[in-house]
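User: I have a model open here and would like to talk through a few spots in it. Could you take my questions as they come?

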Amino acid sequence: MPKICVSLPATSLQELEFLIKNSLQISDLFEIRFDYLTQSEILNSMDILEKIKSKSIFTLRSKKDRGYFSGSEKERIALLKFLFDSNPLYVDIELSTIKSDSSLLDHINKDKKKILLSWHEFENTPSDIELERKIEEMISFTNMIKIVTMAKNSSDAIRLMYLYDKYPNVNLISFAMGDAGMISRVLCTLVGNAPFSYASLKTPTAPGQLSVIQMREIYERIERHYSRNEINF
């Protein structure tokens, strides 16, 4: 069964505890959206996360990357280093961030295996050539990368699936946002080699994001179909 990472956009430590409790039985991995919390709450959240951080992706998205962190970029970099040192499964860091701050790059070079390098295009899906150039740039930093675009049509979503054939040795997570991209969130772990896909617990954190219950039902239906036809899944 493909793995699902559930995004948890808690706006308080109490809500974080609640969301974790309600997602434990239905989630393989957890994306902790720290940009929804205050800086002091981020620093005080590790006790709550202790039991799941080995299965968590820590994310601190800036406003320019459609996140909600309200502090300065200097403060965000310091917090990213703190999150990195907290030893989660991965820390999601944007390509633009890692390129703009050499101190952060030096810091994470201590253990590149903990980095999930991401790049988002919120308006459209670039050409195949542009997407491949972006991947080539990203894998110069790490082999674990995420490319997410906005699909204007189903063709955009399908084009992202071809990236898996072109980069079979990259730990690639690639799918499209928006209604037209919804199918790619499912297919990326089936026709692609994405280690996991993303879902919401209830409220989507991105356009076109399915709930974890919907994702589970789709994967289970596919698995039952293949089992009935005696094809290995």
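User: Where does Ser86 lie?
Analyst: In this predicted model, Ser86 lies in the loop between helix 4 (73-85) and strand 4 (90-94), where helices (H or I, at least four residues) and strands (E, at least two) are DSSP runs numbered from the N terminus. Residues are numbered from 1 along each chain as its sequence is written, local features need pLDDT of at least 70, side-chain atom pairs count only at pLDDT 80 or more, and totals for chains, interfaces and linings use all residues. Side-chain values use heavy atoms, with hydrogens and water left out.

User: Is Ser86 buried or exposed?
Analyst: Ser86 counts as buried because its relative accessibility is 9%; buried means under 20% relative accessible area, exposed over 50%, and partly exposed in between, using a 1.4 Å probe and protein chains only.

User: And what does Ser86 touch?
Analyst: Not counting residues up to four places away in sequence, Ser86 touches Met46, Lys53 and Phe58, a contact being heavy atoms within 4.5 Å.

User: What is phi for Arg66?
Analyst: The phi of Arg66 is also positive, near 65°, and this residue sits in the loop between strand 3 (56-59) and helix 4. Arg66 counts as partly exposed, at 45% relative accessibility.

User: Switching to the core, how many residues has the largest nonpolar one?
Analyst: The largest nonpolar core has 70 residues, and those with the most contacts inside it include Ile32, Phe34 and Phe58; such a core is a set of buried Ala, Val, Leu, Ile, Met, Phe, Trp, Tyr and Cys residues joined through side-chain atoms within 4.5 Å.

User: Which residues is Ile32 in contact with?
Analyst: Leaving aside neighbours within four places in sequence, Ile32 contacts Leu8, Leu16, Leu49, Ile52, Ser56, Ile57, Phe58 and Thr59.

User: And the whole chain, how many helices and strands?
Analyst: The secondary structure of the protein chain comes to ten helices and eight strands. Its radius of gyration is 17 Å, close to the 17 Å that the globule rule gives for 233 residues, so the chain is as compact as a globular protein of that length; the radius is taken over C-alpha atoms, and the rule is 2.2 Å times the number of residues to the power 0.38.
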